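Take a walk through the fold below.

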Amino acid sequence: MYPEEIKQIIEAGLKECTAIVEGDDGKHYTAMVISPAFSGKNRVQKQQLVYATLSSYLTAGTLHAISIKTFTPEEWHFHHG
């Protein structure tokens with residue numbers, strides 16, 4: 001899979017989110033996902049929302065490994081100004 005494909009899948013599956021996906025070896029990726037849907041949720045709950053958008057790809061082996069970092073828009077602004 002390509003980073004752009006993963007970005008599109010996450011953004012289609014999680015309303016009002018922005019995903020930034022990086023990875024250049026075709027197997028390992030990092031996704032930074034910003035969404036108001038994360039408000040009031042703990043880290044595990046946020047990651048579960050993102051993994052849910054990718055579960056069929058992970059189960060099928062199309063997507064091998066992805067590290068996910070999640071942010072509310074406020075958290076993203078605070079950390080990345």
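A polar atom of the S35 side chain lies 3.0 Å from the backbone nitrogen of A37. That is a polar contact: a pair of N or O atoms within 3.5 Å, where within protein one must be able to donate a hydrogen and the other to accept it, and residues adjacent in sequence count only if both atoms are side-chain atoms. This is a predicted model, in which local features need pLDDT of at least 70 and side-chain atom pairs count only at pLDDT 80 or more, while totals for chains, interfaces and linings use all residues. Residues are numbered from 1 along each chain as its sequence is written, and side-chain values use heavy atoms, with hydrogens and water left out.

S35 sits in the loop between strand 2 and helix 2. Helices (H or I, at least four residues) and strands (E, at least two) are DSSP runs, numbered from the N terminus. Is S35 buried or exposed? Its relative accessibility is 0%, so S35 counts as buried. Buried means under 20% relative accessible area, exposed over 50%, and partly exposed in between (1.4 Å probe, protein chains only). Not counting residues up to four places away in sequence, S35 touches L14, K15, E16, C17, F71, T72 and P73. Contact here means heavy atoms within 4.5 Å.

One of those partners, E16, deserves a look. E16 lies in the loop between helix 1 and strand 1. Its relative accessibility is 67%, so E16 counts as exposed. Most residues other than glycine have a negative phi. E16 is not a glycine, yet has a positive phi of about 55°.

Three strands form an open sheet in the order 1-2-3, with mixed pairing. Two strands pair if DSSP finds at least two bridges between them. Strand 1 (18-22) and strand 3 (65-71) stand at the edges with a single partner strand each, so one side of each is left without a neighbour in the sheet. From one strand to the next, the twist averages 20°.

Strand 1 and strand 2 (residues 28-34) run antiparallel and are joined by five bridges. I20 stands opposite M32 in strand 2, and E22 stands opposite T30.

Axes are lines fitted to C-alpha atoms, for helices over the stretch in contact, and angles run from 0 to 180 degrees between N-to-C directions.

The largest nonpolar core has 16 residues. Such a core is a set of buried Ala, Val, Leu, Ile, Met, Phe, Trp, Tyr and Cys residues joined through side-chain atoms within 4.5 Å. I6, I10, V21, V33, V50, L54 and I66 have the most contacts inside it. Helix 1, strand 1, strand 2, helix 2 and strand 3 each give two or more residues to this core. Take I66: leaving out residues up to four places away in sequence, I66 touches I6, Y29, A31, Y51 and L54.

How many salt bridges does a search of the whole structure find? It finds two. A salt bridge is a side-chain nitrogen of Lys or Arg within 4 Å of a carboxyl oxygen of Asp or Glu.

One joins K7 to E11, with the closest N and O atoms 2.7 Å apart. K7 and E11 are four residues apart in helix 1 (residues 3-13), so about one helical turn separates them. K7 is partly exposed at 21% relative accessible area, and E11 is partly exposed at 27%. Leaving aside neighbours within four places in sequence, K7 is in contact with A19 and V21.

The other joins the side chains of K46 and E75, at 3.2 Å from N to O. K46 lies in helix 2 (residues 43-60) and E75 in helix 3 (residues 73-80), so the pair ties together parts that are 29 residues apart in sequence. K46 counts as buried at 7% relative accessibility, whereas E75 counts as partly exposed at 28%.
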